Amino acid sequence: MRIIETDAAPAAVGAYSQATTNDDLLFTAGQIPATPDGELKNETSIEEQTELVLDNLRAILEEEGLGLEDVLKTTVFLADIDDFDAMNEVYGSYFDENPPARSAIEAGNLPKNVSVEIEAVAARS
């Protein structure tokens, strides 16, 4: 196993890594709407939060020479399932061709009172 770290996404704050890989598969930690310098954007719309989360995921993937097209599976955690349609519209603009498998669940209290958290599993082609 190898740890993935990039300054282009928020640093891990705790006993976890931004991502790990075995050189075939890459697993990201759940990303929340925070800027690469750690500024939390939990007071913005679900659309803005989703964009920032997906930008963070893309930055982590790019650190390993991968892109969103390499994602096999995502898990979307929503504080309120009523935000699904708005999140899905933004999500669809990032995964517009050959979208990965996905689960989306209402998780209740997410870290730092954010509205969305997304994790991903990607594979090298």
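Let's start with what buried means here: a residue is buried at under 20% relative accessible area, exposed at over 50%, and partly exposed in between, using a 1.4 Å probe and protein chains only. Helices (H or I, at least four residues) and strands (E, at least two) are DSSP runs, numbered from the N terminus. This is a predicted model, so local features need pLDDT of at least 70 and side-chain atom pairs count only at pLDDT 80 or more, while totals for chains, interfaces and linings use all residues. Residues are numbered from 1 along each chain as its sequence is written, and side-chain values use heavy atoms, with hydrogens and water left out.

Six strands make up an open sheet, in the order E1-E2-E3-E6-E4-E5, and the pairing is mixed; two strands pair if DSSP finds at least two bridges between them. E1 and E5 are the edge strands, each with a single partner, so one side of each has no neighbour in the sheet. From one strand to the next, the twist averages 15 degrees. For angles such as this, axes are lines fitted to C-alpha atoms (for helices, over the stretch in contact), and the values run from 0 to 180 degrees between N-to-C directions.

Now look at E4. Six of its eight residues are buried, so the rest of the structure largely encloses this strand. Seven bridges tie E4 to E6, and these two run antiparallel. Lys-73 stands opposite Val-121 in E6, and Leu-78 stands opposite Val-116 in E6. E4 and E5 run parallel, joined by six bridges, and there Leu-78 stands opposite Glu-106 in E5.

Next comes H1, which lies across E1, E2, E3, E4 and E6 and runs at about 30 degrees to E6. The buried residues of H1 are Ile-46, Gln-49, Thr-50, Leu-52, Val-53, Leu-54, Asn-56, Leu-57, Ala-59, Ile-60 and Leu-61. What covers them? Strands E1 (2–4), E2 (19–21), E3 (25–28), E4 (71–78) and E6 (116–123) are included, and so is helix H2 (84–94). Contact here means heavy atoms within 4.5 Å.

Past the end of H1, have a look at Glu-64, in the loop between H1 and E4. Glu-64 is buried, with a relative accessible area of 15%. Leaving aside neighbours within four places in sequence, Glu-64 is in contact with Arg-2, Ile-4, Thr-21, Leu-26 and Arg-124. Glu-64 and Glu-89 are 25 residues apart in sequence, and their C-alpha atoms are 27 Å apart in space. H1 is also followed by Gly-65, whose phi is positive, near 75 degrees.

Glu-89 brings us to H2, where it is one of the exposed residues, with Asp-85 and Ser-93, on the face turned away from the buried side. The buried residues of H2 are Met-87, Val-90, Tyr-91 and Tyr-94. These cover an arc of only 100 degrees around the axis, which puts them on the same side of H2; the arc is that of the directions from the helix axis to the C-beta atoms. What covers the buried residues of H2 includes H1, E4, E5 (101–106) and E6.

How many aromatic pairs does a search of the whole structure find? There is one: Tyr-91 and Phe-95 form a tilted pair, 4.7 Å centre to centre and with 40 degrees between the planes. Rings of Phe, Tyr and Trp (its six-membered ring) pair if their centres lie within 6.5 Å, with planes under 30 degrees apart counted as stacked, over 60 as edge-to-face and the rest as tilted. Both Tyr-91 and Phe-95 are buried.

Most residues other than glycine have a negative phi. Asn-98, in the loop between H2 and E5, has a positive phi near 50 degrees. At 69% relative accessibility, Asn-98 counts as exposed. Lys-112 sits in the loop between E5 and E6, and its phi is positive too, at about 60 degrees. Lys-112 also counts as exposed, at 56% relative accessibility.
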